[in-house]
Amino acid sequence: MLILPGGLRGVASIRACRPVLDAVRQVAERGGWVAAICAAPTVLAQLGITDGRRATCYPGMEPEMGSAVMSGEQTAQDGRIITGQAAGASIAFGLKLVEALRGVPFRREDVRRVLDSQPMSELFGGITEEQVLDTMFGS
């Protein structure tokens, strides 16, 4: 699985690095897992990887997503392409990556066990476990 981190400076560095762009393209063409969060999904769009696929990105960067089908959700998966909105979606994005590698969807109870191991309020200043679960599974 190839994962592109977000951040505008990071994305500028990725775009300026031909070997990284070539690696992303090759992994996608060979049917490997490709994931990107925050501004990084725009790199996938630049390479045509998200064309006609469901995707999400940092809010406000949708115009840079070409012909991707924007979901507006915190995470989006279309085949072996996974995208996430921003740092606020990092838990859902990370769990989506693990879920993809496991090959089995998480159940609400599975995620609750993970979240119970470290209270969310300590990690993300006020985000509750229920907010994470509702984001992933609905109310």
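Strands β1 and β2 (residues 34-37) run parallel to each other and share three bridges; two strands count as paired if DSSP finds at least two bridges between them. Strands here are DSSP runs of E with at least two residues, helices are runs of H or I with at least four, and both are numbered from the N terminus. Within this pair, Leu-2 sits opposite Val-34 of β2.

Before going further, a word on the model: it is predicted, so local features need pLDDT of at least 70 and side-chain atom pairs count only at pLDDT 80 or more, while totals for chains, interfaces and linings use all residues. Residues are numbered from 1 along each chain as its sequence is written, and side-chain values use heavy atoms, with hydrogens and water left out.

## The rest of the sheet

Zooming out, β1 and β2 belong to an open, mixed sheet of four strands in the order β1-β2-β6-β5. β1 (2-4) and β5 (75-78) are the edge strands; each has a single partner, so one side of each lacks a neighbour in the sheet. On average, neighbouring strands of this sheet are turned by 10 degrees against each other, direction ignored. Axes are lines fitted to C-alpha atoms, for helices over the stretch in contact, and angles between N-to-C directions run from 0 to 180 degrees.

β2 and β6 pair in the parallel sense over four bridges, and Ala-36 has Thr-83 of β6 as its bridge partner. β5 and β6 are antiparallel, also with four bridges, and Thr-75 faces Gly-84 of β6. Two residues lie between the strands of the β5 and β6 hairpin, where Gly-79 has a positive phi near 65 degrees. Along β6, Ile-81 and Thr-83 point one way and Ile-82 and Gly-84 the other, and all are buried (under 20% relative accessible area with a 1.4 Å probe, protein chains only; exposed is over 50%, partly exposed in between).

## Helices against the sheet

Helix α4 (residues 90-102) lies across β1, β2, β5 and β6 (81-84), at about 165 degrees to β6. Just after α2, Gly-31 adopts a positive phi of about 80 degrees.

## Nonpolar cores

The largest nonpolar core has 21 residues, and Leu-4, Val-24, Val-43, Leu-44, Leu-47, Ile-49 and Met-65 touch the most other members. Such a core is a set of buried Ala, Val, Leu, Ile, Met, Phe, Trp, Tyr and Cys residues joined through side-chain atoms within 4.5 Å. β1, α1 (8-15), α2, β2 and α3 (41-46) each supply at least two of its residues, with α3 giving the most, three. A separate core holds eight residues, among them Trp-33, Cys-38, Phe-93 and Leu-97.

Leaving aside residues up to four places away in sequence, Ile-49 touches Val-24, Arg-25, Ala-28, Leu-44 and Ile-81; contact means heavy atoms within 4.5 Å.

## The whole chain

Altogether the chain has seven helices and six strands. Its radius of gyration is 15 Å, close to the 14 Å that the globule rule gives for 139 residues, so the chain is as compact as a globular protein of that length. The radius is taken over C-alpha atoms, and the rule is 2.2 Å times the number of residues to the power 0.38. Buried residues make up 37% of the 139.
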